[in-house]
Amino acid sequence: MNGNLLLVVCLSTLRKLVADIGTPCTVTSDCNTTTVAGTVCDTIMSPPVCKLGSAANCTNNQDDCASNSSCIANACRCTVFTHTEETSTKLCKKDIGQTCAGLTDCVISQAVCDATEAVPVCKLAADQSCVIEADCAANSECRNSTCSCRTGYMKQADKSCLPGLGTACSSTLACDRTANTGVVCDNTNVCKLPLGATCIASTDCVSGASCSTICSCSKGYIADVPYVLCLEEPIACAASTENGIVWPEALDGHISRNRSCPEGYQGDIYRRCENGIYLNPVNNCTRRAIQDLHAQVFNGSLNSTEALSKLKQATNTWTAANENLPTTGDLQTLNQILDKVIDDIELNSTTVENVADSVFEVANNLLDESSTSSWKSLVNDKGVGADSVITTIDRFISKVVNSSATVLNMTFDMPNLFAEIGQVDSCEHIMFPSTTIKAEKANKSKQVFSGGLFKNMSGMLPSTSNDIDSLDSSINGPVLSFSFHRQAIRTVDVRITFHIFDRKLTDPSCLYWETNQSRKGRWSTDGCILEQFDREKGTVTCHCNHLTNFAVLMSPTSITETNTVHQRRLRVLSIVGCSISIIGLVLTITTIVFFWKALRSRRSILLLNLCSVLLLAYVIFLAGVDKTSQHAVCTSIAVLLHYIFLTAFFLMLSEGCIIAQVVLRPFDKRNYLPALLGISYGMPLVVVSISAAASKLNGYGNDKFCWLSIDSGLFWAFAGPALTVIFVNTIISVAVIKTMFGTSAISKRTDADKIKTGIRSVCVLLPVFGITWLFGVFAVNRETSVFQYLFVIFNSLQGLLIFIVQCILDRKVQEAFKARLTRWFATEVSATATEMKARSSKID
């Protein structure tokens, strides 16, 4: 018993001796405060050690004093730092506004080290008295002389303010940590409740979670346990079995491979998982004979001539039987071999023709219709197809031209391609394919050209394009490759006429094949425009300012019988309605001019301008809207109609402004007519000029009509300003009718009279203000045939409506007409009386 007591006492004494000045400690009680008065645990140091606190006696040894203090006159004193906590830790702490390195640098009872500043400084924590807002720490403000957390921020245990629920954050550590459930910074950089937390609304929970009584992951999301967040559940393709091949479950973007190639083949069949759906299988199995040929060519054990002969043998068997069709692997490997052979083969004037025959025969076999499905699989999987064969042929033709000094007139006419190398005196007019070819010696003064016509590439090439919907287009004609050789590169304008395969397809686009650095290409319209589309002849004429590979892409949406019937009916309605409108506008202009003395006013001047502009628009519309066979003429008509119809709308807006001035501001006598006319004719010119320049006239006219294209978005260069005018005039209409009903003359009438007045006002304002064009906005959608009919009927009869409401129903016109009738009648009566008087005189 005594032995145990002695051991405890010895251990206690040892501990006191160890925790002396400079000895590591945890709290002040660890230090020797008995023999050395004023010793404290200096927690500012890392690790904390026992030191003499402020006001403690020291022996001029600087290291004995705690952090931020010095031994002066045998006493530890705060020097650089202005504040000391004598009654608590006796450590010198940094005061408000002084720089700090961490939380322990500042007076804990009053301040925190604000690290949000460029240079961290001590600031007042929440609930501390303040003078100005700059005294308070981050995310707090000086409110009623007290530092308080800003709205959305919560006070923490250390009296700092951190973002609360629904407040922006930078990390989870930056969110409020005082809540029982905790708050995390989700992937939208907002503090939200984590999974498992009690919630009120789903918006309180982290992204991807919903709230019943607690936050839980929504469908399509899975929990990320360490951070209690919801992550999107990875998209996967379900396992399936097709044609006896088992395809396992695969994540989006991954490829599943099956190595069950038929006998005599090597490789695999693979499928790509994309957006949770397996794409069609790609048969990458390759014949062993072709793989052996590939190895022999690339290791140099087989020369180019022998390789070319074996390539012909390998590809000539494809059309013999369906079971021998080429796979995707066969096509890729054979094209690589052909590419290598063309690189290595030596050409001269005696061998060039035989080699060329073999090369074009192999290329013809690669492009045979029997290989379409395999090329299509390659296009769908990698975005590349038979364009690699076209590129190889282009390289070969260039090599033939550069290596030959005599043979420059050659043609190769095969079932799937036609190639020609020729020379002409001038590049101004070249017929390709040529009708006659003469063999003649090379002449340096002549221009050497080459052309390749690939007859049916639909499905073998990608249909991706820079400005048309690739999913809604297909190649509807041969692909043309054309080049000039042995001359400096220069800009060449070419006009190409394609004979299309399917005349039912619509919306032709002239394109050329553009290849990027990764040898992956797409169709581009840059520098190529559609000149003419003749559906009856089945031709499309394109104009391009450069030479390369060209084709025509067209929409696969065929012209159905129903669409044709609708088009015929709408055309007939347009012709009849526009003709009636022209008659109505002519009658309106004639009436105003005839009764000008009685009708002269600002409104009449605007109405004359409007009728004249609409009359011109209807005449041009009837005469040229279907002149689609001449591209330049059609484009000009579309631009002119764009300007004229916009001018009509701005004149309608001017009419609305004049009516608003008369009804809403009757005492305003200023004449705004000249300014309104200037705006009416000037603003449309600005809009059309900008639209034409920005679009480079693409979208002005197409194969159906000479108007703005809806597909290109250019239509909104008209619809946007028109809708704005309609909106403003609608507001004016409502304001005018409301004001009219508010006058004393109207208010005293019966309800029936008021209704009649309102209906008459609407009938007057609708045609003049162009509100009937609202139907045109709905008619833009091809599916809304009802609105197409309403638009054609109401808008084509606009001239007649203007004549009815502005002439027949107008009281001033009626009074002028009655006055003229009265004068006519009075003149006739006077003439009759004079005649009777003359007769009476003769009788007498």
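Biologist: How far apart are the sulfur atoms of Cys58 and Cys71?
Modeller: Keep in mind that this is a predicted model. A disulfide needs two cysteine sulfur atoms within 2.5 Å. Cys58 and Cys71 form one, with their sulfur atoms at a separation of 1.9 Å.

Biologist: Where in the chain do Cys58 and Cys71 lie, and how many residues apart are they?
Modeller: Cys58 sits in the loop between β2 and β3. Cys71 is in strand β3 itself. The pair links distant parts of the chain, and the spacing is 13 residues.

Biologist: Is the link of Cys149 and Cys161 left-handed or right-handed?
Modeller: The two sulfur atoms of Cys149 and Cys161 are joined at 2.0 Å. The torsion about their S-S bond is -85 degrees. That link is left-handed.

Biologist: Which parts does the disulfide of Cys175 and Cys191 tie together, and how many residues apart are they?
Modeller: The sulfur atoms of Cys175 and Cys191 are 2.2 Å apart. Cys175 lies in the loop between β12 and β13, while Cys191 is in strand β14. The pair therefore ties together parts whose distance in sequence is 16 residues.

Biologist: Are Cys175 and Cys191 buried or exposed?
Modeller: The cut-off for a buried residue is under 20% relative accessible area. Cys175 falls in that class, and Cys191 does too. Both are buried.

Biologist: Which cysteine has the nearest sulfur to Cys611?
Modeller: Cys611 is in no disulfide. It is buried, because its relative accessible area is 0%. The nearest cysteine sulfur is 7.5 Å away and belongs to Cys807.

Biologist: How many disulfides does the count come to?
Modeller: The rule asks for sulfur atoms within 2.5 Å. The pair of Cys58 and Cys71 is included, at 1.9 Å. The count comes to 17.

Biologist: Now the strands. Which residue in β38 is the bridge partner of Leu530?
Modeller: Strands β37 and β38 run antiparallel and are joined by six bridges. Their hairpin has four residues between the strands, and Gly538 takes a positive phi near 70 degrees there. The partner of Leu530 is Cys542.

Biologist: Which helix gives the most to the nonpolar patch?
Modeller: The patch is formed by Val572, Val576, Ile580 and Leu800, with about 280 Å² of accessible area together. Leu800 belongs to helix α18. Three residues come from the top contributor, helix α8.

Biologist: Is Leu800 buried, partly exposed or exposed?
Modeller: Buried means under 20%, and exposed means over 50%. Leu800 has 30% relative accessibility, so it counts as partly exposed.

Conventions: Residues numbered from 1 in each chain as written. Predicted model: local features only at pLDDT ≥ 70, side-chain atom pairs only at ≥ 80, totals over all residues. Heavy atoms only, no water. Pairing = 2+ DSSP bridges. Helix = DSSP H or I, 4+ residues; strand = E, 2+ residues; numbered from the N terminus. Patch = residues over 30% accessible without salt bridge, like charges linked within 9 Å, V, L, I, M, F, W, Y side chains within 5 Å. Areas by Shrake-Rupley, 256 points an atom, 1.4 Å probe, with all protein chains shown as cover. Salt bridge = Lys/Arg side-chain N within 4 Å of Asp/Glu carboxyl O. Buried < 20%, exposed > 50% of the residue type's maximum accessible area, 1.4 Å probe, protein only.
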